[in-house]
Amino acid sequence: MVDAVTRTLSHLPLLLALLAFPSAVFAHRDDQYLQATLVAIEPSGVRLQINLTPGVAVAEQVLAQIDRDHNDAISKNEAAAYAKLLKGDLTLRVDGRKLELKLTVSEFVPPAELRTGAGTIQMEFSASSGPLAAGPHRLTLENRHLTPISVYLINAAQPRFATVQITRQKRNHNQSAGEIEFTFHPFRPKIAMSPGPT
């Protein structure tokens, strides 16, 4: 019982990311690969919580990128290889400086579930931004993963700490690229707040 609760709590950030885009997840077209990214900005770094949901018509194209041996199962090596592929298609910058992403969580549902159009792959990447100076900052994110079949969503999460304040969000026409302006207030109390979309 304790293990089950621990597993559930460990996946809470990804579940919250999924809840941030509920209508989009269930309304995406059958011929689209929905990639929804929640950007969590913290005083020392950034977390990208990504939900990937292929529609029925494109599920086989997505699975061809994941299940490389075509045995209708996703091995740990295949999951790691796909996470690396996705990471290579993401570019994250803070104040123009490119940040190195590191995979922190990944959850793959079985191929049969992905083929239904409702199955979602969940991944989380983190990056250290180093110490932030007080004042305004700008984060940019670009996602170039499987562009011919994909639609995208980018949204900033409500900051967990009072020291970070989101001031503006801009996105390109298909949300494959977005810009988040935020202010860092190092002298505010670092009170943890409930995470969620802004």
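At a relative accessibility of 15%, R47 counts as buried, where buried stands for under 20% relative accessible area, exposed for over 50% and partly exposed for values in between (1.4 Å probe, protein chains only). The model is predicted, with local features requiring pLDDT of at least 70 and side-chain atom pairs counted only at pLDDT 80 or more, while totals for chains, interfaces and linings use all residues. Residues are numbered from 1 along each chain as its sequence is written, and side-chain values use heavy atoms, with hydrogens and water left out.

R47 forms a salt bridge with E124, the closest N and O atoms being 3.7 Å apart; the term denotes a side-chain nitrogen of Lys or Arg within 4 Å of a carboxyl oxygen of Asp or Glu. The pair links distant parts of the chain, since R47 lies in strand β2 and E124 in strand β6, 77 residues apart, with helices (H or I, at least four residues) and strands (E, at least two) taken as DSSP runs numbered from the N terminus. E124 is likewise classed as buried, at 8% relative accessibility. Both residues belong to a network of salt bridges that also includes E42 and R160, and the count of salt bridges in the structure comes to ten.

Another of these contacts joins the side chains of R115 and D72, at 2.8 Å from N to O. Here R115 is in the loop between α6 and β6 and D72 in the loop between α4 and α5, 43 residues apart. R115 is partly exposed at 31% relative accessibility, as is D72, with a relative accessible area of 43%. The backbone of D72 has a phi near 65°, a positive value in a residue other than glycine.

F108 lies in the loop between β5 and α6, 26 residues from Y82, and both residues are buried.

An open sheet of five strands has the order β4-β3-β7-β10-β9 with antiparallel pairing, two strands being paired if DSSP finds at least two bridges between them. β4 and β9 are the edge strands, each pairing on one side only. Seven bridges join β9 to the antiparallel strand β10, and in β10 the bridge partner of R168 is E181. R168 and E181 also form a salt bridge, with 3.9 Å between the closest N and O atoms. R168 is partly exposed at 44%, and E181 is partly exposed at 23%. In the loop between β9 and β10, Q175 has a positive phi of about 60° although it is not a glycine.
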